[in-house]
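Let us walk through a protein model together, one region at a time. Keep the picture open beside the text and look for each part as it comes up.

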Amino acid sequence: MVHINLASDGSTYRKLVIANCARLMTIPYVLHLHGAEYQEFWEGAGGLLSRSIENMFERAAQVVVLGSVWREFIAGRAPGVADKITIIANATGVPALAQKGGGESVHILFLGRIGERKGVPQLLAALSAMAEDDRWRATVAGDGSVDAARNQAASLGLSQRVAFPGWVGPTQVAQLIASADILVLPSFAENLPVSVIEGMAAGLAVVATPVGAVTDIIVDEKTGLLVPPGDVGALALALSRLVSDPELRAELGKNARMFHRQQLDLAPFAQAICEVWIAAARTKIAGEK
């Protein structure tokens, strides 16, 4: 059995080759869909490429997606595989570091690739709208358009309140999460972001946008706060609420941590993947006798 992790653009071209080779050798394969913009990629593909992608999915022994929105999309584009789609959310382990929070200042943390898709310009604009409140500080960590974000922060007068450490490795990520109170990810497109799951695992109050499979794990006002993509005012309001209300932060964080332990921890993830592998290994490739 072959497990194929799939995203858009070059990943799809490479995985089409691998899937075809597996089929030629009568080896069943699992497609595991990642990538925030696969819907746009597939819908924009030309006729031959689109049919090739459809065939790749319909000949898969099993398909794994990260949330209900992706199950509906794949079932609509490749109906022949609809009954072989399993939702398995991304997962993370329990944080090794104790959660201490930001101390005297409420620490707002962004983790991800800095740029337009992740909503960083809108995040900085929202933080600027909160500038009169001196109870918070923020860290925007990740690679991408770091210099552009620093320049925007400087132009907004945020240089002393928002840190841009650039790309950070696993140890630094763990330290940042342990020192944070709020995890924010105001993206325009996602599949199922790991940074949100990491924040939930640590019991942070999460502010995110209802894109991709985010709504499968963030229930507004229960396990986090959801704001419309690109809505700077709503983002500023949600962050301000959490800065001002420690009880709300604690309640959302507690609910998020509980949800993580029940559904987003590594043990249930591993069990679900193994069940898919077993089912795939027992399945003959579509069209083979």
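A residue is called buried at under 20% relative accessible area, exposed at over 50%, and partly exposed in between, using a 1.4 Å probe and protein chains only. What you see is a predicted model, in which local features need pLDDT of at least 70 and side-chain atom pairs count only at pLDDT 80 or more, while totals for chains, interfaces and linings use all residues. Residues are numbered from 1 along each chain as its sequence is written, and side-chain values use heavy atoms, with hydrogens and water left out.

Let us begin with the sheet. Helices (H or I, at least four residues) and strands (E, at least two) are DSSP runs, numbered from the N terminus. Two strands pair if DSSP finds at least two bridges between them. Here, six strands make an open sheet with parallel pairing, in the order S7-S6-S5-S8-S9-S10. Its edges are strand S7 (162-166) and strand S10 (225-226), each of which pairs on one side only.

Next come some charged pairs. Side chains of opposite charge can pair when their charged atoms come close. The salt bridge used here is a side-chain nitrogen of Lys or Arg within 4 Å of a carboxyl oxygen of Asp or Glu. How many salt bridges does a search of the whole structure find? The search finds six.

One of them joins Glu190 and Lys118, whose closest N and O atoms are 2.7 Å apart. This pair links distant parts of the chain, 72 residues apart: Glu190 is in the loop between strand S8 (182-185) and helix H8 (194-201), and Lys118 is in the loop between strand S5 (106-111) and helix H5 (120-129). Both Glu190 and Lys118 are buried.

Another salt bridge connects Arg135 with Asp133 at 2.8 Å, N to O. Arg135 counts as partly exposed because its relative accessibility is 39%, whereas Asp133 counts as buried because its value is 17%.

In helix H10 (residues 246-264), Glu251 and Lys254 lie three residues apart, about one turn of the helix. Their salt bridge has its closest N and O atoms 3.6 Å apart. Glu251 has a relative accessible area of 37%, so this residue is partly exposed. Lys254 is at 42%, so it counts as partly exposed.

Now turn to the backbone. Most residues other than glycine have a negative phi, and most peptide bonds are trans. Which way does the phi of Thr26 go, positive or negative? Thr26 has a positive phi, near 55 degrees, and is not a glycine. You can find Thr26 in the loop between H1 and strand S2 (29-33). Its relative accessibility is 49%, so Thr26 counts as partly exposed.

Asp9 also has a positive phi, of about 60 degrees, although it is not a glycine. Asp9 sits in the loop between strand S1 (2-6) and helix H1 (10-24), and counts as partly exposed because its relative accessibility is 47%.
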